[in-house]
Amino acid sequence: VLAEKRSLGSRDGPPHLVVVVLLHSRAAAHDSLRLLQSQDSAIVRADEGTAGGFALLCPRLKQRWRFVTAQAGDLHAVLDLAKVADSLLFILDPVDGWDSAGEHCLSCLFAQGLPSYALAVPGGTDLPPKKRIDARKKLSKSIEKRFPEAKLFPLNTEQESSLLLRHLSSQKQRHLAFRDRRAHLLARAAEFVPSQDSDLVGTLKVSGFVRGQTLNVNSLVHIVGHGDFQLSQLDAPPDPLSLNPRVVKGQKRSQDMEVQDDSANGADEMEEDVKVLMKADPSKQESLQSEVVPDPMEGEQTWPTEEELQEAEDSLKANRRVVKVPKGTSKYQAAWIVDDGEEGSEKDDDDDMDDDLMEEAVSQEGESSEEEAGEEESETMTVSECLRDDQYDEKMEEDEQMLERYKQERMDEMFPDEVDTPRDVPARVRFQKYRGLKSFRTSPWDPKENLPRDYARIFQFQDFSRTRKNLFRQIEKEEAEGASVVGWYVTLHICNVPVSVMESFKEGKPLVLFSLLPHEQKMSVLNFLVRRHPGNSEPVRAKEELIFHCGFRRFRASPLFSQHTSADKHKLERFLRPDAALVVTVYAPITFPPASVLLFKQRSNGMHDLIATGSLLSVDPDRIVIKRLVLSGHPFKIFTKTAVVRYMFFNREDVMWFKPVELRTKWGRRGHIKEPLGTHGHMKCHFDGQLKSQDTVLLNLYKRVFPKWTYDPHVPEPVPWVRSESTLPEQEVEME
């Protein structure tokens with residue numbers, strides 16, 4: 001612990017990375033940073049890419065810091081910088097603390113994982129002394145909900161800024177598991193070299209300090225928000241933030257690093273005195289292949305052998321028949337002549353064929369109706385033309401759609417999984433993909449049965465937990481053996497990078513890199529355990545497009561919701577429940593837990609609402625998610641242990657088809673169908689006790705469902721959160 005604390009920000013370790021987060025629109029960032037820069041005998045170096053970023057070198061304290069300011073309202077920038085930050089410096093307002101945008105930012109940061117932090121309160125000097133003390137007490141009491149036992153640091157003088165720096169350098173570092181097992185880097189300088197074929201793609205040279213684990217040039221790197229890429233080379237340029245610019249580095253770097261030139265330009269630094277540390281080996285380099293290319297002919301029948309051909313010919317000879325034909329009839333014509341005894345069977349075959357065609361047509365109609373029923377229904381509201389404001393009309397349409405969703409969620413709560421039996425399509429056709437189960441908990445279900453085509457594109461581990469343990473054990477072994485570049489200032493040569501990455505860096509957005517563990521670029525089925533965020537109450541339906549922030553990745557996908565149980569089958573939930581933890585299932589790249597996950601929903605105006613938070617549960621395509629349908633009927637005539645039930649089915653054939661499925665009632669009775677009565681769907685049922693007249697008879701049907709392949713790694717930038725000045729909320733307490 002002492003070695004870790006001493007290495008951070010020292011000569012042989014990376015600079016102490018401090019991310020400044022503004023939690024209020026009135027928070028004075030410029031004055032606070034100016035105070036931090038005015039330290040005694042401190043050297044200030046401005047950053048290239050990030051706007052307002054600077055490095056602070058204190059040879060007297062033998063410490064070096066790098067301060068990066070997160071742009072106000074840019075949620076992606078705040079979350080990306082918090083992924084790699086050593087400490088977060090929250091700037092509060094002396095009166096209100098934080099506003100609604102700051103509250104939203106804190107909720108996201110707590111859910112993602114909060115590193116070490118400090119709370120600074122600049123300003124407040126214009127208040128009278130008594131009011132200043134009262135405001136400070138009120139602010140200290142207000143922040144106890146979010147930050148218990150946190151200390152507020154005033155930031156108005158140089159002495160107070162030096163106390164804050166000393167606290168940042170000496171406080172205990174909090175670890176985030178998903179970044180401690182991977183090498184990560186925040187770019188300080190970047191250079192784009194276009195390829196010979198196109199100016200839109202080229203090699204990106206990114207320079208920065210390596211943190212976390214050692215970096216392997218043969219592994220893949222993930223640029224947050226842009227995708228996975230391969231490395232071609234790893235260089236070691238001179239350290240631009242050296243505490244002793246004219247002194248050769250210690251023993252660790254004596255072989256690979258030369259004397260530092262005090263240069264201010266990052267591009268010049270990469271050109272002068274650069275030593276090549278490693279070059280990629282094509283035979284050992286990780287592949288970028290993320291999906292399996294399925295072979296459509298893989299399950300086809302092979303060519304028959306000679307024995308099978310001979311057997312078929314013998315069976316044809318055995319089936320030959322002798323028929324009387326007119327003179328001059330050819331063999332082809334003779335084959336069409338039918339005996340008298342075969343005419344009836346031919347007619348029967350024609351009738352069967354007609355029945356099959358009819359059944360196929362009805363089944364197609366039933367499938368289309370099932371798809372239509374599965375889709376979300378929405379109504380559009382017609383508004384009179386006298387209203388001149390078009391935006392108001394759009395809001396009214398959104399309100400109408402939201403009202404429909406609230407109705408569906410309410411109906412699902414009152415009558416879970418219940419559906420109406422269609423009258424235009426036979427129930428045996430409409431529900432032909434469903435089956436009955438004796439017991440949802442104990443009845444067997446083969447996980448390899450009737451898999452969709454998308455399962456041919458994904459990867460699956462034979463034993464995921466064992467692979468994960470072996471991988472982490474190997475990382476610990478490599479760390480103990482040494483040969484590490486952690487803390488070094490390096491330049492990564494990243495291949496085939498689009499020019500948009502460099503453009504976003506020039507705009508001032510942070511460029512964050514993470515190294516990938518083996519297999520983490522491959523697609524599989526990921527399961528996240530999430531809980532509904534208390535600040536959001538809008539209904540969220542399954543298979544709606546959501547935005548995921550999983551560890552160091554972010555992507556869009558349409559998930560399934562299911563119950564979190566210890567059984568081998570898990571019931572599908574149609575809505576994200578506010579009162580229970582649910583499992584979210586999507587197709588996504590493999591990520592080794594632990595990793596936090598944040599779920600956002602994009603509004604029509606481009607803002608992102610946080611709807612759920614949680615963690616990665618497993619990578620398991622064999623996890624069975626079962627959709628349940630409940631058909632309901634009403635007792636018409638009640639006897640001792642039998643009853644006549646109606647309105648569950650509407651024809652006799654459906655009653656016979658579903659006769660083997662067990663019945664239950666809402667009041668706990670169990671029974672089965674004895675026989676149909678008449679032709680309009682009435683049926684006689686036997687139960688284990690006498691029914692009540694107000695009871696409802698239920699029949700459960702089950703079907704396995706799979707997520708949709710809607711994975712999209714490109715997430716649009718969110719619209720900045722609309723700030724509203726308010727006092728700190730007291731109803732919400734976030735777990736770290």
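**Exercise 1.** How many disulfides does the structure hold?

*Solution.* Start with what to look for: a disulfide is a covalent bond between the sulfur atoms of two cysteines. In this predicted model, the count of disulfides is zero. Next, look at two of the cysteines. Cys685 has 0% relative accessibility, and because buried means under 20%, Cys685 is buried. Cys495, with a relative accessible area of 21%, is partly exposed.

**Exercise 2.** Work out the order of the strands in the open sheet, and find which strands stand at its edges.

*Solution.* First, trace the seven strands: the order is S2-S3-S4-S1-S5-S6-S7, and the pairing is mixed. Then go to the two ends. S2 (43-46) and S7 (152-154) each have a single partner strand, so one side of each lacks a neighbour in the sheet. From one strand to the next, the twist averages 25°. Leu119 has Leu152 of S7 as its bridge partner.

**Exercise 3.** Describe how helix H3 packs against helix H4.

*Solution.* Begin with the geometry. H3 (residues 75-84) and H4 (residues 100-112) pack at an angle of about 35°, and their axes are 11 Å apart. The crossing of H3 and H4 is right-handed. Now list the residues in contact: H3 brings Leu75, Val78, Leu79, Ala82 and Lys83, while H4 brings His104, Cys105, Cys108, Leu109 and Gln112. Last, sort them by class: seven are nonpolar, two polar and one charged.

Notes:
Residues are numbered from 1 along each chain as its sequence is written. This is a predicted model: local features need pLDDT of at least 70, side-chain atom pairs count only at pLDDT 80 or more; totals for chains, interfaces and linings use all residues. Side-chain values use heavy atoms; hydrogens and water are left out. Two strands pair if DSSP finds at least two bridges between them. Helices (H or I, at least four residues) and strands (E, at least two) are DSSP runs, numbered from the N terminus. Axes are lines fitted to C-alpha atoms, for helices over the stretch in contact, and angles run from 0 to 180 degrees between N-to-C directions. A disulfide is a pair of cysteine sulfur atoms within 2.5 Å. Buried means under 20% relative accessible area, exposed over 50%, partly exposed in between (1.4 Å probe, protein chains only). A crossing is left-handed if the near helix is turned anticlockwise from the far one by less than a right angle, and right-handed if clockwise. Contact means heavy atoms within 4.5 Å. Ala, Val, Leu, Ile, Met, Phe, Trp, Tyr, Cys and Pro count as nonpolar, Asp, Glu, Lys and Arg as charged, and the others, Gly among them, as polar.
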